[in-house]
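Biologist: I have a two-chain model open and would like to learn how to read it. Could you take me through it one feature at a time?

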Amino acid sequence: MKYHTQRIAMAYFVTAMALFAVQVTMGLIMGWIYVSPNFLSELLPFNIARMLHSNSLIVWLLLGFFGSAYYMIPEEAEREIYSPKLAYLQLGILILGTAGVVVTYLFDLFQGNWLLGKQGREFLEQPTWVKIGITVAALIFLYNVTMTVLQGRKTAISNVLLLGLWALALLWLFAFYNPSNLVLDKQYWWWVVHLWVEGVWELIMASILAFLMLKLTGVDREVVEKWLYVIVATALFSGILGTGHHYYWIGLPAYWQWIGSIFSSFEIVPFFAMMSFAFVMVWKGRRDHPNKAALLWSLGCSVLAFFGGGVWGFLHTLHGVNYYTHGTQITAAHGHLAFYGAYVCLILAIITYAMPIMRNRDPYNQVLNMASFWLMSGGMLFMTFVLTFAGTIQTHLQRVEGNYYMDVQDALPLFYWMRFGAGVAVVLGAVLFIWSVMVPRREVVTAGPVQSHKDGHIEAAE
Amino acid sequence: MSQPRSPLADLPGELIMWVLIVSELAVFCVCLLILLVLRLGDPALFAQSQDQLHRAAAGINTVVLVSSGYGAARAVAAIRQGAEAPARRWLLGAAGLGVIFLGLKSVEYADAISKGIGVETNAFFTFYFLLTGFHAAHVAAGMVILLLVAIRPQPDGVQAGAQFWHMVDLVWVLLFPIIYLLQ
């Protein structure tokens with residue numbers, strides 16, 4: 001670790017992993033509710049569990065992004081973070097908000113209160129005071145990292161990262177706008193939900209991936225930057241108007257069906273570019289970095305994002321297809337693999353890379369860490385396949401044959417059982433991961449040089 | 001250690017401009033392809049709808065836009081010689097022809113709207129308005145770019161502006177026969 005303030009990332013990453021544990025636990029509980037619908041129906045209704053599952057996902061990913069920025073920016077800007085105090089204050093606000101959300105959801109406090117109670121908008125259910133807290137935290141963060149970058153070296157990686165984070169915060173403001181017209185409500189709602197995950201988050205993802213590739217493969221910065229620009233350009237080109245694929249059935253004009261179908265079909269391009277980028281960098285790389293687990297997560301991220309976001313997204317993005325599949329388990333399959341591949345793997349990759357460095361030790365427990373990758377990814381892929389089959393049957397029975405929703409659900413338990421099994425694998429994988437990162441052990445894969453290059457010379461790890 | 005020569009090294013202009021151009025062409029081509037496929041489903045409706053368009057105005061617009069492309073090309077040649085003032089004149093000329101294009105296009109739109117034709121009228125007009133509307137937006141954006149690079153003409157900037165302008169040109173040359181002429 002070159003800069004002291006990079007250690008700020010540690011607090012963010014640890015909090016992120018704690019919430020990650022909460023998120024997958026909620027997932028497992030919901031997986032069980034699917035096969036045994038009365039489970040906890042009084043204490044923890046399904047909708048509350050689902051809110052906690054998706055909200056904790058978003059928050060821990062955001063914490064992961066913030067942590068990544070605090071780790072990457074000092075190295076990119078070649079100076080310490082402007083104000084470590086502000087960074088910890090920001091984390092404190094986010095933790096307070098998260099705790100507030102959990103308590104408010106679980107006990108349904110202040111029902112109907114604009115400021116204190118939960119709101120009915122899916123994913124944006126947070127009470128207004130929490131939303132304000134998130135905004136304040138984001139402002140503190142942007143001030144802090146922007147000041148650091150402005151005073152230091154400006155690189156393509158930090159520029160793209162900042163562009164993504166600034167846009168993330170600006171788009172968040174639409175979470176405050178809740179028009180009474182349901183069509184407009186949904187439209188602006190997607191400006192947060194879609195333009196985050198299929199727009200500006202991809203910039204953050206590309207930039208973190210570029211940083212990891214730079215460190216892990218030792219490819220020239222110039223090459224990495226060229227790829228980065230192409231990825232960013234194609235992501236924004238396809239992603240912004242690709243929002244149209246959410247406008248099909250919410251009451252917006254019908255021409256959005258064509259705009260949405262055509263532009264969102266191109267959303268596969270940046271994901272393909274990111275996958276190609278990661279692999280080409282490894283092939284071209286001259287560095288044999290000792291942290292193999294971080295490389296595995298990075299490559300896994302690019303591949304699973306391509307399949308989960310790109311392929312599974314394209315599967316139901318054309319409006320002629322989506323007319324039938326909308327809101328079935330096909331959507332759940334896509335949502336799970338896309339979030340897992342693009343963002344979960346990404347944050348776990350940088351945690352795997354940065355944690356040993358921040359704790360000033362060799363990358364321990366790599367075998368365990370890599371086992372957790374295969375277990376978690378295998379579980380997630382199996383869940384994706386199972387839900388895809390369930391969704392196909394559901395689409396046919398419900399949308400083609402016209403059967404009742406609950407009658408169709410009664411035909412699907414086999415798939416929900418298998419999904420629960422897949423969920424168990426994911427949770428075990430998550431536990432293994434957290435253990436491998438947090439608990440010190442003596443196992444190191446290779447002794448040998450810290451970084452041996454293919455041309456023979458050896459240098460110290462970064 | 002010598003790196004193998006990148007195939008992108010010989011690319012004229014900025015890589016990112018080529019990424020944009022290829023992306024634009026891909027989207028417009030896919031749109032045109034869908035239009036052609038939908039046309040198979042109801043050729044009579046498409047032919048009848050097409051007859052309501054102004055072929056002559058669109059034909060004139062083709063000449064206007066292609067001529068303005070010539071102007072942009074001359075601007076690139078001029079600035080490479082270091083001739084700033086002529087380059088600026090060619091750029092302004094190209095952008096001026098863009099104004100004529102948009103003027104004629106507005107007349108076409110106004111006429112269609114006065115006939116009660118809109119984007120929701122039928123599949124042909126949905127694509128007519130989407131394709132020509134997106135294209136017109138690019139003409140407007142291209143004019144802004146040409147004017148920006150004309151303020152202090154530099155070879156790289158003028159080349160990038162001309163690249164974009166030629167792309168807008170090319171897209172129109174693809175749109176015009178398929179939307180207006182194809183019988």
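Modeller: Two residues are in contact if their C-beta atoms, placed from the backbone, lie within 7 Å. On that basis, 15 residues of chain A are in contact with 14 residues of chain B. This is a predicted model, in which local features need pLDDT of at least 70, side-chain atom pairs count only at pLDDT 80 or more, and totals for chains, interfaces and linings use all residues. Residues are numbered from 1 along each chain as its sequence is written, while chains are lettered from A and ligands numbered from 1 in the order in which they are written.

Biologist: Which helix of chain A gives the most to the side that touches chain B?

Modeller: Helices (H or I, at least four residues) and strands (E, at least two) are DSSP runs, numbered from the N terminus. Both α7 (221-242) and α8 (255-265) of chain A supply at least two residues each to the side touching chain B. The most comes from α7(A), with six residues.

Biologist: And what classes of residue are on that side of chain A?

Modeller: Ala, Val, Leu, Ile, Met, Phe, Trp, Tyr, Cys and Pro count as nonpolar, Asp, Glu, Lys and Arg as charged, and the others, Gly among them, as polar. The side of chain A that touches chain B has twelve nonpolar, one polar and two charged residues.

Biologist: How many helices and strands does chain B have?

Modeller: Chain B has six helices and zero strands. Its C-alpha trace spans about 60 × 45 × 20 Å along the principal axes.

Biologist: How are α2 and α3 of chain A oriented?

Modeller: Axes are lines fitted to C-alpha atoms, for helices over the stretch in contact, and angles run from 0 to 180 degrees between N-to-C directions. The axes of α2 (residues 46-77) and α3 (residues 84-107) of chain A come within 10 Å and cross at roughly 175°. Angles over 145 degrees count as roughly antiparallel, so α2(A) and α3(A) are roughly antiparallel to each other. Residues meeting there include A:Ile48 and A:Tyr70 in α2(A), and A:Ala87 and A:Leu106 in α3(A). By class, their contact has twelve nonpolar, two polar and no charged residues.

Biologist: Is A:Phe66 buried or exposed?

Modeller: A residue is buried if 20 or more other C-beta atoms lie within 10 Å of its own, exposed if 12 or fewer, and partly exposed in between; C-beta atoms are placed from the backbone. A:Phe66, in helix α2 of chain A, has 26 such neighbours and so counts as buried. Leaving aside neighbours within four places in sequence, A:Phe66 is in contact with A:Tyr12 and A:Phe141.

Biologist: What about A:Val408, buried or partly exposed?

Modeller: A:Val408 lies in helix α14 (residues 405-409) of chain A. With 19 other C-beta atoms within 10 Å, A:Val408 is partly exposed. Not counting residues up to four places away in sequence, A:Val408 touches A:Gln394, A:Leu397, A:Gln398 and A:Asn403.

Terms used:
Angles under 35 degrees count as roughly parallel, over 145 as roughly antiparallel, 65 to 115 as roughly perpendicular and the rest as oblique.
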